[in-house]
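Here is a briefing on the two-chain model shown below. Please read it alongside the sequence and the coordinates.

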Amino acid sequence: MISRTVSTTPAISVNSVSIPFHRLIDVETRKFFDTLVGQMLTVVTIVLAIGIMTGFAWFMEPTVQGVIMISGAVLSILLPAMGILAVTSEWSHGTASTTFALEPRRVRIVAAKLFPPVIATALTCAVLVGVAFVIIGAVAAARGVAADWTFDPAATAGWFVVNVILVLSGVALGTLILNAPAAIIFVVTSAMAWSLIAVSSTTGAAIASWLDIGTTTTALLDGRATVDDLERIAISITVWVLLPLIVGAVRVVRREVR
Amino acid sequence: MIEFTGITKRYRGRTALDDVSFTVPPGSVTGFLGPNGAGKTTAMRILLGHTRATVGTATVLGSRYAELPNPGRHVGSLLDAGAVHPGRTGRETLRIAARMMGVPIPQVDTVLNRVGLTRREGSTRVRAYSLGMRQRLGIAQALLGEPRVLVLDEPANGLDPQGMAWLRTLVRSLADDGCAVLLSSHLLHEVEQVADRIVMIGNGRVLAAGSTRELAAGHDLEHLYFQLTTPTDRSAE
């Protein structure tokens, strides 16, 4: 007689595949745009930028390029804030536990959350470039003068890259601090601090020329960056984007989820 | 199948769980009972990987939760009905979960219907939901991936008597279909009516575990509960 041992636990096949990364990006993008914060931030950023661009075209320099560049006055503040809010939302609403229950490999969520703010930034930039042409045409028509269509593709590309860096610095800081008000206060005060440091002394100016993203990226805005400029950009990005993102990711992976 | 093996969790000098071991077999409802602060939620949070155990392992379907690929398709969980973005509608909340798990979107309306949320309620922002509706939404999300294991922390909270009766029928039918259901509660009579097995904890320790019939034998579950759990069982807090 053949005796057979039957396992008391039934064989369980857990053979489903992991969630593909593109799906996580897709879901995070939807989560960014289906809430008021994501929608309003994008709309408010665009509206304020158009406001300052129109004023600039009317009162100062009515060229397409000049109008595009002036939008930086709005974007340099609102894009980091957008990046911060995009990643801190889950923690302020306590939804992180739901997200991590569906994808417990938290670092994948951290990575997927890089994309929606960049997508929103790309959209914003595309809209603003188009709007710049409209503003110049409208201002010229209103004044009855010839429109100045001066447009510098290299400088505009640089402006776009700077905007992506700005939003990613917000994402990185938000991931590190995981608290929107604290991170936003940090961004605002550090911007003020840098402007003081840069004029305080020659040493201060030298430090800013290596570490302040606002200073290092001016070469990109001019549409021409030398190797030296790129080195400075790389250093400042490492300090303000890469490091906080890596430390923040470690923190998110390790921390207790509430 | 859920397995807790020697789980101890210490927070700075306080022991929330002390050598907790028990299993939840497939095809059963296991009621997880204990006073507030006894450690029920902590044990479930450790199972889902929200918190790390100081010692011991918790597995579900033979692996650590974090190692399950696309875990929502295997394990449905509801730990906190409040962990939902208030600005999203119930349906949008479920759509996001469905997309993430790769569940067909039409399933969203199926589960909404199954938990008794109307089309109109599904289109309402969660901000306006009552606790009972949030519980139903959380249960809907737990069911979305057609899981074989369910982990529900106090799902009866905020439900009206009809809701409780519905929940009993639901978990019973899921267990009869082969699901392993772990359901925590402090409502003894509710649990007694639906659970095949009971795990009772107090002050972080398993006080009793076994079939509901055995544990309630002679008296009822309440009698045993008050015998085993003392006011000091909450001192852990």
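## Two chains, one contact

Along its sequence, chain A follows the pattern α-α-α-α-α-α-α-α-α-α-α-α-α. The model is predicted: local features need pLDDT of at least 70, side-chain atom pairs count only at pLDDT 80 or more, and totals for chains, interfaces and linings use all residues. Residues are numbered from 1 along each chain as its sequence is written, chains are lettered from A and ligands numbered from 1 in the order in which they are written, and side-chain values use heavy atoms, with hydrogens and water left out.

**Chain A overall**

- Chain A has 13 helices and zero strands. Helices (H or I, at least four residues) and strands (E, at least two) are DSSP runs, numbered from the N terminus.
- The radius of gyration of chain A is 23 Å, but a compact globule of 258 residues would have one near 18 Å. The radius is taken over C-alpha atoms, and the globule rule is 2.2 Å times the number of residues to the power 0.38.
- The C-alpha trace of chain A spans about 105 × 45 × 35 Å along its principal axes.
- Of the 258 residues in chain A, 43% are buried. Buried means under 20% relative accessible area, exposed over 50%, and partly exposed in between (1.4 Å probe, protein chains only).
- In chain A, 78% of the contacts with a separation of 6 or more are between residues 24 or more positions apart. Contact means heavy atoms within 4.5 Å.
- Accessible areas come from the Shrake-Rupley method with a 1.4 Å probe; for residues, only the protein chains shown count as cover.
- Chain A carries 15 positive and 14 negative charges, with mean positions 16 Å apart. Lys and Arg count as positive and Asp and Glu as negative; His and the chain ends are not counted. Each charge is placed at NZ of Lys, CZ of Arg, CG of Asp or CD of Glu.

**Chain B overall**

- Chain B has nine helices and nine strands.
- Buried residues account for 58% of the 237 residues in chain B.
- Of the chain B contacts between residues at least 6 apart in sequence, 69% join residues at least 24 apart.
- Chain B exposes about 9,600 Å², with 48% of it from carbon and sulfur atoms.
- There are 27 positive and 22 negative side chains in chain B, and the centres of the two sets lie 10 Å apart.

**The interface**

- Interface size is often given as the accessible area lost when the parts come together.
- Chain B and chain A bury about 3,100 Å² between them, and carbon and sulfur atoms give 55% of that. Here buried area is the accessible area (1.4 Å probe) that two parts lose on being put together, summed over both.
- In chain B, B:H50, B:R99 and B:M100 lose the most area to chain A, together 24% of what that side buries.
- The contact involves 35 residues from chain B and 38 residues from chain A.
- A:S97 sits in helix 5 (residues 96-102) of chain A. It is buried, at 11% relative accessibility.
- Not counting residues up to four places away in sequence, A:S97 touches A:V257, A:R258, B:H50 and B:A83.

**A buried leucine in chain B**

- B:L137 lies in helix 5 (residues 131-144) of chain B. At 2% relative accessibility, B:L137 is buried.
- Beyond its neighbours within four places in sequence, B:L137 contacts residues including B:V84, B:L94, B:L112 and B:Y129.

**Positive phi**

- Most residues other than glycine have a negative phi.
- B:L61 is not a glycine, yet its phi is positive, about 55°. B:L61 lies in the loop between strand 4 (55-60) and strand 5 (75-78) of chain B. Its relative accessible area is 7%, so B:L61 is buried.
- B:E146 also is not a glycine and has a positive phi, near 45°. B:E146 lies in the loop between helix 5 and strand 6 (149-153) of chain B. Its relative accessibility is 60%, so B:E146 is exposed.
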